[in-house]
Amino acid sequence: MTTTRALGRSIHPQLDHDYLRLVSGSGAYVTDSDGRTYLDAVAGIGVLALGYGRDDLIAAAAEQARRIPFVHSMRFMNEPSERLAAQLAAFAPPGLHWTFFCSGGSEATESAVKLVRQYWLDRGLPSKWKIIGRRPSFHGNTLTALAVGYHAARRKRYQPYLVDMPHLAAPWVYRCTEHGPDGPYCDVCSGRALATLIEAEGPETVAAFIAEPIVGAAAPGITPPPGYYETIREVCDRYDVLFVSDEVICGVGRTGRNFGIEHWDAIPDVMLLAKGIAAGYAPLAAVMAHDRVVDILLSGSGQYEHNFTMAGNPVSCAVGSAVIAAIEAEGIVPRVASLESTYFGGLERLRRHAFVGDIRGRGLLAGVEFVVPGGREPFSPGLGVTDRVVAAARDNGLLVYACPGIVDGARGDSIMMLPPLTMSVAEIAELVDRLDRAFEMVGPSLPGS
Ligand code: PMP
């Protein structure tokens with residue numbers, strides 16, 4: 001769809017395209033400017049964790065704006081950010097008691113890199129600067145976040161600006177040719193390969209390892225096997241490397257635990273939060289740090305030379321505080337855990353479509369990967385399979401998230417679903433039915449069908 005250019009227009013990735021205009025929402029549904037309603041199976045993009053139209057969250061923002069809408073966190077403290085830091089310390093794995101607030105996931109990644117850097121400076125080991133990421137992964141669109149992550153399509157234009165960081169292959173069990181789905185797992189899928197990479201880089205140069213517990217946009221739903229993060233934790237300890245868990249998608253209940261990493265027995269040194277933490281009612285993100293990290297800063301320089309103007313603003317933090325309170329009062333996390341079997345049980349039925357290669361994830365985070373029927377070969381990118389699926393879903397009143405190019409930046413079609421955590425069983429059934437109809441519209445015309 002193209003349109004004549006109006007004077008004054010907001011910039012979106014496809015400059016000349018008229019995207020759907022979403023004008024209102026209620027629960028798990030959104031309505032566009034033509035009055036069409038969609039089941040929002042991506043909750044914005046994993047953001048509207050408690051759905052649309054939450055009066056308690058609207059009130060939290062309004063009340064705080066009336067009292068004091070802005071406080072500059074570089075020079076002052078404010079009550080909502082201290083309250084939320086205390087709530088998060090109780091909600092997070094043991095020892096993660098310190099929080100730096102910011103406004104989005106990319107800011108959180110940048111802030112974590114600086115925190116890690118300060119840690120090594122205060123340990124007297126300035127040669128440790130490299131952040132090992134995974135391939136594929138996504139930690140944000142700012143330049144350091146693009147550099148530590150590996151989302152080939154989002155990186156390629158900006159290569160000259162990207163610091164060269166090492167990347168460890170992700171434990172993509174479905175595409176691993178060394179073993180079957182149940183192991184015994186190879187060095188990559190077990191996490192052991194991190195030790196080899198640290199050795200190759202020189203442990204004295206490696207500051208941290210960063211991973212999304214379960215991969216999001218870069219290859220949705222890749223879930224490491226049991227034991228993976230236990231091995232990662234052990235390797236990080238052995239080589240004196242910090243472990244950063246990017247919980248921007250997985251955190252705050254999305255996977256059926258408070259944080260995605262809690263599916264494994266491994267406590268990170270640093271965690272990144274965003275998306276669901278203020279449930280879409282205000283921009284908010286956070287970096288949480290373990291006492292063992294901050295104690296080094298406290299007994300060293302005592303400083304964290306970093307801030308953003310909007311960091312820790314009281315309105316966003318008041319909303320975040322209300323979100324954590326609601327998640328606990330409404331038992332959202334155990335609810336997600338109990339919905340997992342209904343959700344994935346429903347999605348599994350979609351394997352009847354021959355172009356569905358893999359369905360994976362945890363809790364209410366799901367990825368579906370499409371392949372040429374009969375094997376694991378990705379479709380030719382020119383077929384636009386991901387876009388066709390997303391358009392067919394939309395035609396069936398369902399919003400899902402397009403993740404093309406997951407295999408090498410061009411090939412590899414997939415979609416991600418991150419519905420509101422408040423979704424009913426009936427709405428989950430509807431999600432699956434609408435997706436089933438969308439697949440029915442696309443599948444038969446694809447090669448190999
Ligand atoms: N980390 C992960 C895992 C993400 O999925 C994203 C965004 N999709 C980011 C970081 C960056 O967050 P933001 O877009 O809020 O900057």
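This is a short walk through a few local features of one predicted model.

Let's start with the hairpin. Strand 1 covers residues 22–26, and strand 2 covers residues 29–32. They pair in the antiparallel sense, over four bridges. Two residues sit between the strands. Ser-26 stands opposite Tyr-29 of strand 2.

Next, helix 10, residues 291–299. Which residues are buried there? Val-293, Val-294 and Leu-297. They lie on the same side of helix 10, because they cover an arc of only 85° around the axis. What do the buried residues of helix 10 pack against? Two strands to note are strand 4 (96–102) and strand 8 (242–246). Strand 10 (285–290) and helix 4 (105–122) are also on the list. Now turn to the face pointing away from the buried side. That face carries Leu-298 and Ser-299, both exposed.

On to helix 5, residues 143–148, and Ala-145 within it. Ala-145 has 1% relative accessibility, so it counts as buried. Leaving out residues up to four places away in sequence, Ala-145 touches Thr-109, Glu-110, His-139 and Gly-140. For scale, take Leu-350. Ala-145 and Leu-350 are 205 residues apart in sequence, and their C-alpha atoms are 34 Å apart in space.

Now a surface feature. Leu-143, Tyr-158 and Tyr-161 make a nonpolar patch of about 330 Å². Tyr-158 is in the loop between helix 6 (152–155) and strand 6 (167–169). Tyr-158 is partly exposed, at 38% relative accessibility.

Last, salt bridges. How many are found in the whole structure? The search gives 25.

Arg-54 pairs with Asp-56, with the closest N and O atoms 2.7 Å apart. Arg-54 is buried at 13% relative accessibility. Asp-56 is partly exposed at 34%.

Glu-340 pairs with Arg-362, and here the closest N and O atoms are 2.8 Å apart. Glu-340 lies in helix 12 (residues 332–348) and Arg-362 in strand 11 (residues 356–362), so this bridge ties together parts 22 residues apart in sequence. Glu-340 is buried, at 19% relative accessible area. Arg-362 is partly exposed, at 28%.

Arg-351 pairs with Glu-348, the closest N and O atoms being 2.7 Å apart. Arg-351 is partly exposed at 35% relative accessibility. Glu-348 is partly exposed too, with a relative accessible area of 35%. This pair belongs to a network of salt bridges that also links Arg-175, Asp-358, Arg-360 and Glu-369.

Terms used. Residues are numbered from 1 along each chain as its sequence is written. This is a predicted model: local features need pLDDT of at least 70, side-chain atom pairs count only at pLDDT 80 or more; totals for chains, interfaces and linings use all residues. Side-chain values use heavy atoms; hydrogens and water are left out. Patches are made of residues with over 30% relative accessible area and no salt bridge: like charges are joined within 9 Å, nonpolar side chains (Val, Leu, Ile, Met, Phe, Trp, Tyr) within 5 Å. Accessible areas come from the Shrake-Rupley method with a 1.4 Å probe; for residues, only the protein chains shown count as cover. A salt bridge is a side-chain nitrogen of Lys or Arg within 4 Å of a carboxyl oxygen of Asp or Glu. Buried means under 20% relative accessible area, exposed over 50%, partly exposed in between (1.4 Å probe, protein chains only). Two strands pair if DSSP finds at least two bridges between them. The arc is that of the directions from the helix axis to the C-beta atoms. Contact means heavy atoms within 4.5 Å.
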